Amino acid sequence: MASSSVSSMILFIAAMLVAASVAGTLVTSVGDVSGSIDARSADAAQTIDTEIDVISDPGSDAVYADSGSTVTLLVKNTGNGRLSTDASTPDVLLDGQYVSGSDRSLTVLGGSDWRSGDVVRFELTASLDPGEHRVVIIINGDREVFEFYV
């Protein structure tokens, strides 16, 4: 009887150790999943709050003057969030070619922060041949396409 009692006690202790190990693993896994969900929801919220529109007139000489080497676009923040005024933050493509941060500038018109409703002037340094051209601006997942002719 004593031997049966000792065996039962050993099995009970072993079962408790296994249960504690499983519980520890589950708590760690749930914490990792929770952290991942929090990070994804923050990214999604930023993407949802970001929206821009190019408000330049594609037929205007103000976009690209024949004698110049600068593409000038007016871009309005139509989303709910504040956007970065760092010219290297958005991804910019001109005719399918990436425009590096050193070949572009961003100036907020009438202020220093790019808040909802504010307009910025994007200036891209580029020499363009006559014909159709396309600029793609991507900020926080929002993609705006602007086509114009030279």
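Reply: What follows goes through the salt bridges one by one. This is a predicted model, in which local features need pLDDT of at least 70 and side-chain atom pairs count only at pLDDT 80 or more, while totals for chains, interfaces and linings use all residues. Residues are numbered from 1 along each chain as its sequence is written, and side-chain values use heavy atoms, with hydrogens and water left out.

A salt bridge here is a side-chain nitrogen of Lys or Arg within 4 Å of a carboxyl oxygen of Asp or Glu. By this rule there are four salt bridges.

Asp113 and Arg115 pair through their side chains, at 3.1 Å from N to O. Asp113 counts as partly exposed, at 28% relative accessibility, and Arg115 does too, at 42%. The term covers what lies between buried (under 20% relative accessible area) and exposed (over 50%), with a 1.4 Å probe and protein chains only. Both residues belong to a network of salt bridges that also includes Arg82.

Arg121 bridges to Glu123, with 3.6 Å between the closest N and O atoms. Arg121 is partly exposed at 28%, and Glu123 is partly exposed at 30%.

Glu147 and Arg134 form a salt bridge of 3.7 Å, N to O. This pair links distant parts of the chain, 13 residues apart: Glu147 is in strand 8 (residues 142-149) and Arg134 in strand 7 (residues 132-139). Strands are DSSP runs (E, at least two residues), numbered from the N terminus. Glu147 has a relative accessible area of 42% and is partly exposed; Arg134, at 38%, is also partly exposed.

Terms used:
Helices (H or I, at least four residues) and strands (E, at least two) are DSSP runs, numbered from the N terminus.
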